[in-house]
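Thanks for coming, everyone. I'll keep this short. Please look at the sequence and the structure first.

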Amino acid sequence: MTQRDINILAIETSCDETAAAVVRNGREIRSNIISSQIEIHKLYGGVVPEIASRKHIEKINQVIEEALRVADIALEEIDAIGVTYGPGLVGALLVGVAEAKAISFATNKPLIGVHHIEGHVSANYIEHKELEPPFLCLIVSGGHTHLVMVKEYGEYEIIGKTRDDAAGEAFDKVARAIGLGYPGGPKIDRLAREGNSNAIVFPRAHIEGAQYDFSFSGLKSAVLNYINSMEMKKEDINRADVAASFQAAVVDVLVTRTIMAAKDFDMKKVAIAGGVAANSALREAMANACRQNALDFYYPSPVFCTDNAAMIGVAAYYEYIKGKRSGLDLNAIPNLKIGER
Ligand code: KG4
Ligand code: ZN
């Protein structure tokens, strides 16, 4: 007997992308619609929370309609609605949560609240049909830098995290300092290709007694100090060299800690997730390090690294088949911790 398909409608509005997707049986993306607000936030040099909420409320219905249309599925045929309920900007999250609750109430379909970071991890399942837990995952986004053991679907153990800035935040701040604008990550990635990564030696922070933790604020200060000292000396800054040297310092720390944790915890599979996982230098360095250490390496295509609803649909599916359901009292939790329910 063939099993009936499970179709999830997923909604993601935690930051500056209004996104909806339809996911079949956990791994097949029938549609993945993303309406980005980058062009508006660019004008302010970063995400303005109130503008983000207002844009979500404007776009959310069109984005969902488009996701259903592209997937060629009627709302009645959907089995459940998955939605990001944290972490993220509270006003932004509330738009998606309220929308998902309204759809769930009106159609009498189950509602599943999804953790944004668990969504990022789950992005790896989309293009790697063979990938199953356990594996080690490095999550590097604008708001998070976590090294987690994915023990089972939806079961995580945090091994390390950042003590201060997230990796993406460091990219964005350094990009602003060298005049590249928002969002900085992709711009540094591009400019770094023209620079010399050995031109300037920036620090690689190690945290005493917490070998899997990260710290990027010292590195960010070192870059700012370098720029200031060059300006004081009235010397020109080679922006490509700064970008390449900074990026090399971040990548070095991320790769070294991840490989060390994989060995220490006897993990054979390593994955990366989150916006910074789209970084070409990180992907290349991690792929090489995994090859040298006989580890299998998994990474999502760039479109599934940055915020999207497909990854939320994948995470929701695994919650759905475990029987998890959220009530109509589901609320946005801006500082939701990973693995927390
Ligand atoms: O996962 P994401 O889309 O949103 C959050 O959940 O935070 O991550 C956004 C972050 C931003 O800081 C952005 O600059 C960074 O990911 N990012 C990159 C690249 N693409 C996006 N950082 C480095 N290299 C990239 N190619
Ligand atoms: Zn994200």
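I'll go through the domains, their interface, the ligand, and then a few local details.

Ground rules first. This is a predicted model, so to speak, with local features needing pLDDT of at least 70, side-chain atom pairs counting only at pLDDT 80 or more, and totals for chains, interfaces and linings using all residues. Residues are numbered from 1 along each chain as its sequence is written, chains are lettered from A and ligands numbered from 1 in the order in which they are written, and side-chain values use heavy atoms, with hydrogens and water left out.

Now the domains. The assignment gives domain 1 as 7-122 + 305-321, and domain 2 as 133-300. Those bounds come from an automatic or database domain assignment. The C-alpha centres of the two domains lie 27 Å apart. The contact takes 18 residues from domain 1 and 19 residues from domain 2. Contact here means heavy atoms within 4.5 Å.

How much area is buried between domain 1 and domain 2? About 1,500 Å², with carbon and sulfur atoms giving 71% of it. Buried area is the accessible area (1.4 Å probe) that two parts lose on being put together, summed over both. Look at Ile117, Val121 and Cys305. They supply 40% of the area that domain 1 buries against domain 2, more than any other three residues.

What about polar links? A salt bridge is a side-chain nitrogen of Lys or Arg within 4 Å of a carboxyl oxygen of Asp or Glu. There are 4 residue pairs in polar contact across the interface, both residues at pLDDT 80 or more. A polar contact is a pair of N or O atoms within 3.5 Å; within protein, one must be able to donate a hydrogen and the other to accept it, and residues adjacent in sequence count only if both atoms are side-chain atoms.

On the domain 1 side, α1 (38-42), α4 (116-127) and α11 (310-321) each supply at least two of the residues that touch domain 2. Helix α4 gives the most, with 5 residues. Helices (H or I, at least four residues) and strands (E, at least two) are DSSP runs, numbered from the N terminus.

Next, ligand 1. It has 19 residues around it, and the closest are Gly142, Asp172, Gly185, Asp189 and Asn279. The cut-off is a heavy atom within 4 Å. Aspartate 189 has a side-chain N or O atom 2.9 Å from a nitrogen atom of ligand 1. For the side chain of asparagine 279, the distance to a ligand nitrogen is 3.0 Å. Glycine 168 uses its backbone: an N or O atom there lies 3.2 Å from a ligand oxygen.

Back to salt bridges. The count comes to 14 by this rule. One joins the side chains of glutamate 39 and lysine 42, at 3.1 Å, N to O. Both lie in helix α1, 3 residues apart, about one turn of the helix.

Last, the backbone. Proline 133 and proline 134 are joined by a cis peptide bond, omega about 5°. Proline 134 is in the loop between α4 and β6 (135-140). The bond from tyrosine 182 to proline 183 is also cis, with omega near -10°. Proline 183 sits in the loop between α5 (167-177) and α6 (184-192).
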